[in-house]
Amino acid sequence: MADRILALDIGGTKIAAGLVDADGTLVRRAQRPTPDGDAETVWSVAESLLTDMRADAGGAVTAVGIGSAGPVDLPGGTVSPVNIAAWRHFPIVARVAESTGLPVRLGGDGLCMAMAESRHGAGRGAQFMLGMVVSTGIGGGLVLDGAPYHGRTGNAGHVGHVVVEPGGAPCPCGGRGCVEMVASGPHLAQWAHANGWQAPADADAKALAEAAATGDPVAVLAFRRGADALAAMIASVAAVCDLDLVVIGGGVAKAGPVLFDPLSEALTGYAGLDFIRDLKVVPAELGGDAGLIGAASLVDSAR
């Protein structure tokens, strides 16, 4: 049996584990809901997934790649996911190494998504790429000169907290006017409800996208507003990093043309510099598997 990499994807709603072949193929996958409770309760779910997946592998596992919601701390090997309250500076690298006896690589979940798409998805061949997830929040990761760019602490590419509305709504990050407060799924729906969208109070971004696709004027305007905020952020990041491609995944991106058409239109208004005008923005291809595939690619990139 060929060597495989054990991958772990840690998020606020689910923890997933998988086995990834050398060519980036995800050959086995399992996930469980992220539990409430203390740090050890959350860890017990991750550890059991790793144990089960390693048993399925038949011993042909060489290393572990971990993609985690952030913030992460690469020098310390710890994670403090905003949406896992029990984990603050949790020593995930040490715990996984102790549990498995294998070398471990850690990265932010946005970076893992970007790495997966750049090697095996919509970003194949791109050398300077931003990978984004637009869902309940907005995350991202950078591939620069064909390699993952972690930054000083491992949090480079955290584009959800680029400010697009100075003095705007307070964000849980402590800032104000972050793009996440405008263009994430819950905030798209919240704005629509507050501006006359005739839908049940619990209608979410998926329902909003369906309404926009049928021409509901408030739903269309909500997506245009979100797309404009995303375009402003993308143009800013592209100007700093000289990007050639942006790949967008996540639940909101599933809206398709409802999001991407106004995003393309808005981007032309922000991308004034020649080297930004030819920037391509495309939907992601790998869906929910990107986190695991990208976590495994962290191991390859370190070799």
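## Cavity

In this predicted model, a search of the whole structure returns one cavity of 30 Å³ or more. The largest cavity holds about 110 Å³ of space. Its lining is made up of 14 residues, and those closest to the centre are Gly108, Asp109, Gly110, Gly140 and His158.

Two elements, α3 (109–120) and β9 (138–144), each give two or more residues to this lining. The largest share, three residues, belongs to α3. By residue class, the lining of the largest cavity has ten polar, three nonpolar and one charged.

## Salt bridges: overview

Side chains that carry opposite charges can pair when their charged atoms come close. The whole structure contains nine salt bridges. Three of them are described below, among them the pair of aspartate 9 and lysine 14.

In that pair, the closest N and O atoms of aspartate 9 and lysine 14 are 2.7 Å apart. Aspartate 9 has a relative accessible area of 8%. This value is under 20%, so aspartate 9 counts as buried.

## Salt bridges between helices

Glutamate 40 and arginine 95 form a salt bridge through their side chains, with an N to O distance of 2.8 Å. Glutamate 40 belongs to helix α1 (residues 39–57) and arginine 95 to helix α2 (residues 92–100), so the pair ties together parts 55 residues apart in sequence. Both partners are partly exposed: the relative accessible area is 40% for glutamate 40 and 21% for arginine 95.

Another salt bridge joins arginine 224 and glutamate 265, whose closest N and O atoms are 3.4 Å apart. Which helices hold arginine 224 and glutamate 265? Arginine 224 lies in helix α7 (residues 217–241), and glutamate 265 lies in helix α8 (residues 257–270). The pair therefore ties together parts that are 41 residues apart in sequence. Arginine 224 is partly exposed, with a relative accessible area of 43%. Glutamate 265 has a relative accessibility of 52%, which is over 50%, so glutamate 265 counts as exposed.

Definitions and conventions. Residues are numbered from 1 along each chain as its sequence is written. This is a predicted model: local features need pLDDT of at least 70, side-chain atom pairs count only at pLDDT 80 or more; totals for chains, interfaces and linings use all residues. Side-chain values use heavy atoms; hydrogens and water are left out. On a 1 Å grid over the protein atoms alone, a cavity is a set of points where a 1.4 Å probe fits but cannot get out, and a pocket is an open set with protein on both sides within 12 Å along at least five of seven lines; lining residues have an atom within 4 Å of a point. Grid points are joined across faces, edges and corners, and a volume is the space filled by probe spheres set on the points. Helices (H or I, at least four residues) and strands (E, at least two) are DSSP runs, numbered from the N terminus. Ala, Val, Leu, Ile, Met, Phe, Trp, Tyr, Cys and Pro count as nonpolar, Asp, Glu, Lys and Arg as charged, and the others, Gly among them, as polar. A salt bridge is a side-chain nitrogen of Lys or Arg within 4 Å of a carboxyl oxygen of Asp or Glu. Buried means under 20% relative accessible area, exposed over 50%, partly exposed in between (1.4 Å probe, protein chains only).
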